[in-house]
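Please look over the sequence and the structure below before reading the notes.

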Amino acid sequence: METLLPTSVQIPKVLTIAGSDSGGGAGLQADLKVITALGGYGMSVITAITAQNTLGVTRIQDVELDVVEAQMDAVLSDIGADIVKIGMLASPEIVQTVAKTLRKHGIKKVVLDPVLRATSGASLGGDDTAQAIIRDLFPLALLVTPNLDEASLLLGRDIVGPDDFKLAAQELLDMGPQAVLIKGGHLDATHTQITDYLMWRTIEDGLEVVQSKEFKHYRVNTPNTHGTGCSLASAIATYLAGGHDLPHAVAKAIAYVEAGLEAGRFLSIGEGPGPLWHMHDFYPTALLDEKEKG
């Protein structure tokens, strides 16, 4: 079929493969907001339907495997993707289906956010799913972005604090991905400074070299943190698709999420912890001071 109009403008095409969050704060809904806010074209494959809001997850329904594969085939055979971001995959079978279909379409750039537990504590994938992710998706991943709970589950031991990050990142890197970002945001609130730890493989003078970088930033004082992990991974993916190298993409994504958390402090969405504000650049939420109000 011939294209009706010439295409002269190219924007980064980002496919998110994730669960649906009916509350709109996380999952593929958050992913699409981030991708759009950062100038990309977002597409989605739904792996599970969750009934959730700011108070928690009440039900999860996995999407049938052939439907997951059909969604991926439809998008990748026509539109394609500069990068794929993967979020919630709630069963080993879904992991295997996604990995098989990515290989079929020759996808080379994957940002994998191993979503195994919701912030509320609800399980979104057990040990079998974690092992399937390691076996089938780690070798395809350009970057894996676990938080402390997810890193602990993937490694089978507790990751307590920043002193553990280097060894944990090396062990995860040895499992096959090209890079690992361990996120420190789940440390308890007594840690006012957050450390995110990036470790990645690169080639220098024909030899593989492992590099690392710490990103330190202050905790934003807000209960509205729903969707931060999904948003960070999607932001990294969009910046990578736009041509930034990995350390710069991570730094820019962290800054974007920080700004979203700051803006989200002033929002009242739901009765529990609300989301960050993904569209802060377009719709500022800062409260007016008394003079401006007058």
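The points below cover a helix, a loop residue and a set of paired strands in this predicted model.

1. Helix α4 spans residues 127-137, and its buried residues are T129, A130, A132, I133, I134, D136 and L137. An α-helix has 3.6 residues a turn, so residues three or four places apart point the same way.

2. H280 sits in the loop that links α8 (246-264) with α9 (290-293). Is H280 buried or exposed? H280 counts as buried because its relative accessible area is 12%, and the cut-off for buried is under 20%.

3. Leaving aside residues up to four places away in sequence, H280 touches Y256, A259, G260 and A263.

4. Strand β8 (residues 193-204) pairs with strand β7 (residues 179-182) through four bridges, in the antiparallel sense. Within this pairing, L181 lies opposite L198 of β8.

5. Strand β8 also runs antiparallel to β9 (residues 207-218), and twelve bridges join the two. Here R201 faces V210 in β9 across the pairing.

6. How many residues lie between the strands in the hairpin of β8 and β9? There are two, and D205 in this hairpin takes a positive phi near 55 degrees.

Note on methods:
Residues numbered from 1 in each chain as written. Predicted model: local features only at pLDDT ≥ 70, side-chain atom pairs only at ≥ 80, totals over all residues. Heavy atoms only, no water. Buried < 20%, exposed > 50% of the residue type's maximum accessible area, 1.4 Å probe, protein only. Contact = heavy atoms within 4.5 Å. Pairing = 2+ DSSP bridges.
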